[in-house]
Amino acid sequence: MTFELFVFYVFAAILVFAATMVITRKNPVHSALFLVLAFFTSAAIWLLAEAEFLAIVLVLVYVGAVMVLFLFVVMMLDIDIATMRAGFVKNLPLAILIAIAMVIEIFLVIGSGSFSLDQFAAPLPLPADYNNTASLGNILYTEYMYPFEVAAVILLVAIIAAIGLTMRKRPESKYQDPSKQVRVKKGEDRITVLKMDAED
Amino acid sequence: MLENYLPILVFVAVGIAVGVVMITLGFVLGTRRPNSEKLSPYECGFEAFEDSRMKFDVRFYLVAILFIIFDLEIAFLFPWAVVLDKIGMVGYLSMALFLGILVIGFIYEWKKGALEWE
Amino acid sequence: MDLLMSLWEWLGENLVVVQILIKIVIIVAPLMLCVAYFTYAERKIIGYMQVRIGPNRVGPKGWLQPIADAVKLMFKEIIIPSGANKTLFLIAPVLTLGPALAAWAVFPFGDGLVLSNINAGLLYLIALTSVGVYGVIISGWASNSKYAFLGAMRSAAQIVSYEIAMGFALVGVLVAAGSLNLGEIVRAQEGEGGLFNWFWLPLFPLFLIYFVSGVAETNRAPFDVAEGESEIVAGFHVEYSGMPFAVFFLGEYANMILISALTSLLFLGGWLSPFNGWPLLGPMFDWVPGIVWLFIKTAFVGFFFLWLRATFPRYRYDQIMRLGWKVFIPITIVWIMVVGLAVVFEMPWWFD
């Protein structure tokens, strides 16, 4: 067994362990953190498959951004675990049915022969100066320009949807307008001089 | 390519090990005389009323979601920046369009007040 | 000497991991020393700025103060609050220190003087910095304390916001250098003009934004609302004591040094001499090794961290978010496109 294969099995074992923990832990925060571990190890496995750029971007986007959002949500919602577990037994038969269907689907896809190892031979080890990012960039912005722009549109839709779903102006909340604050003048904006008769 | 990543793997392990060793050292050398007052969470002398994990403003989620979108944008910019001198004007224009579309989203955020913080 | 060299080569062939470990120790040990004396420098410099002397009791002129602090923290009791989640509470500081150290794996200390010369160096760095936020979030949540939680949420939202500005600024550097490899980025700044060939000049807005975002990322004054001692006591590490606190502290200072070192690498020419190619001064300073220049530059940028802390009052939270989203992001996007044009048209001086 080569060293690379050994590293692969170590990471694969950690990945399977972490993934199991994600679905079995009772505390949602623990689950989310195990999901982070799972992403990390899968990034390492992608790296072993010589997909340098994708592996690091997986850490950057999923660990660095998506899971932060997950943690925000999971930490700040008071999830009552008791009520969540109440429906467990009731929904179990349906869940098992769906799980079986999914397993069959996976086997149909993998078993069809179009994903077998003789179709996809292991890639040759790339030289040390191979630049994964550059070879990706060379085609992404020219040959695949159209899908690239479609990605921009999808991101635009995501921005608008996120704002549409979460923005709520509460009437009682107070804002400070910095541009107004900056434009305040020393004299007339700060004090009002009242004329009044002197009282004795 | 992979041989370059072995030092990184070792370095990450060392980075974690340094922290773990230091904390273990603290446990070994430090005193341990706990009592319930000492272990109660700090709240300026009050007893803690309730669980400290509370609901938070939805605004924090919005920041996180927008962060994901912009982070993706940065991920798209990285390969572009590396090969810009090879793909030339075509590449430049395709990125200009990409950023242009996203700037529309950014302006929308701005006008909607999503970047406002009360 | 010959024996040592042959032993070294033998290690490289047979026990690569041991060889790598030795190299890592050579990087990490001086780094830890730098962190220790950075805290000393901070207290001294801020002291003098405020017309105080700063620490001067332990050892000559207080030189042993950081060591005394470390020993003291080592013997302190580690308090784990009653409602806290023990494991996560102790993992959080490790998650702050780990990335701050691991980032140095791709850092070139001189021409070719780098532990791991990967092509995606800068990408690796930005991915690691984005992981740093976990230490803050987890510590705040695991402490089960209101102040800690508030501090963690504030700080997480702030770190996340400034990471975008930071990422865009880095993309600007990439456009200018045309490579993700940190060594290549420094070599792209080499030229006859000496310090005028470095990227700080054509990328000046990005240089400032990168540094300021770095200050915000590390939760330093004037962006230290995460700690905000007058509002939320100490923020996310309010419940920490003894060694776990020390690890947090180390992580924060190691991050500061990392940001300073990266600023000097990406914008200030790294190991290059500032007088490179100048008629008289150039040859005069030729004997100075590159790593000394790098150290001087890093110390110079690090000094700004301290100077900022001594000078500015704390920002208000809405102002921080405004600066990150409404000022930095638009400027960086515009400047990336400007630099991109300059690269496409091969503007002389920097990009030809």
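Student: How do H4(C) and H11(C) run relative to each other, roughly parallel or roughly antiparallel?
Tutor: This is a predicted model, where local features need pLDDT of at least 70, side-chain atom pairs count only at pLDDT 80 or more, and totals for chains, interfaces and linings use all residues. Residues are numbered from 1 along each chain as its sequence is written, and chains are lettered from A in the order in which they are written. The axes (lines fitted to C-alpha atoms over the stretch in contact, with angles from 0 to 180 degrees between N-to-C directions) of helix H4 (residues 86-102) and helix H11 (residues 242-266) of chain C come within 8 Å and cross at roughly 25 degrees. Angles under 35 degrees count as roughly parallel, so H4(C) and H11(C) are roughly parallel.

Student: Which element gives the most to the side of chain A that touches chain B?
Tutor: The contact takes 49 residues from chain A and 45 from chain B. Helices (DSSP runs of H or I, at least four residues, numbered from the N terminus) giving two or more residues on the chain A side include H2 (28-48) and H3 (52-76). With 14 residues, the top giver is H3(A).

How values were computed
Two residues are in contact if their C-beta atoms, placed from the backbone, lie within 7 Å. Angles under 35 degrees count as roughly parallel, over 145 as roughly antiparallel, 65 to 115 as roughly perpendicular and the rest as oblique.
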